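Subject: Structure handover

Hello,

Here is the structure I promised you. Please open it and keep it in view while you read my notes.

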Amino acid sequence: MNNCENGKCPVNEIISGIKCDVVNCAYHTEGNKCHAGHIEVGNGCCSSSKDTNCNTFRPKSDMA
């Protein structure tokens, strides 16, 4: 169990149940885990999972 409240987790805590294979994301970590603290999924009108986006994505180069 993680220590999340109101949809927000402490920064750098692995988000349980989230799989991320975007290796150039600053929040991607070993084992295809996400340590963003929280995520936002966007594109308000979707008809399939291909239409969604992770709005939390930040390139690794932005975090250096």
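How do the residues of the lining of the largest pocket divide into nonpolar, polar and charged? There are 11 nonpolar, 3 polar and 2 charged residues. The pocket holds about 260 Å³ of space. Its lining has 16 residues, and the closest to the centre are Lys19, Cys20, Val22, Ile39 and Cys54.

A word on confidence. This is a predicted model. The mean pLDDT of the protein is 78, and 80% of the residues score at least 70. Strand S2 (residues 33–34) has the highest confidence, at a mean of 92. Strand S3 (residues 41–42) has the lowest, at 83.

Next, the core. The largest nonpolar core has 6 residues: Ile15, Cys20, Cys25, Tyr27, Cys34 and Ala36. Take Ile15 to begin with. Leaving out residues up to four places away in sequence, Ile15 touches Cys34, Ala36, Gly37, His38 and Ile39.

Cys25 sits in the segment before S1. Is Cys25 buried or exposed? Cys25 counts as buried because its relative accessibility is 5%, and the cut-off for buried is under 20%. Cys25 and Arg58 are 33 residues apart in sequence, yet their C-alpha atoms are 5.5 Å apart in space. Beyond four places in sequence, Cys25 touches Phe57, Arg58 and Lys60.

You will find His35 in the loop between S2 and S3. At 18% relative accessibility, His35 is under the 20% cut-off, so it counts as buried. Which residues is His35 in contact with, leaving aside its neighbours within four places in sequence? They are Asn12, Glu13, Ile14, Ala26, Tyr27, His28 and Thr29.

Last, a backbone angle. Most residues other than glycine have a negative phi. Asn32 is not a glycine, but its phi is positive, at about 55°. Asn32 lies in the loop between strand S1 (28–29) and S2. Its relative accessibility is 27%, so Asn32 counts as partly exposed.

Over to you now.

Best wishes

How values were computed: Residues are numbered from 1 along each chain as its sequence is written. This is a predicted model: local features need pLDDT of at least 70, side-chain atom pairs count only at pLDDT 80 or more; totals for chains, interfaces and linings use all residues. Side-chain values use heavy atoms; hydrogens and water are left out. A nonpolar core is a set of buried Ala, Val, Leu, Ile, Met, Phe, Trp, Tyr and Cys residues joined through side-chain atoms within 4.5 Å. Buried means under 20% relative accessible area, exposed over 50%, partly exposed in between (1.4 Å probe, protein chains only). Contact means heavy atoms within 4.5 Å. On a 1 Å grid over the protein atoms alone, a cavity is a set of points where a 1.4 Å probe fits but cannot get out, and a pocket is an open set with protein on both sides within 12 Å along at least five of seven lines; lining residues have an atom within 4 Å of a point. Grid points are joined across faces, edges and corners, and a volume is the space filled by probe spheres set on the points. Ala, Val, Leu, Ile, Met, Phe, Trp, Tyr, Cys and Pro count as nonpolar, Asp, Glu, Lys and Arg as charged, and the others, Gly among them, as polar. pLDDT is the predictor's confidence in each residue, from 0 to 100. Helices (H or I, at least four residues) and strands (E, at least two) are DSSP runs, numbered from the N terminus.
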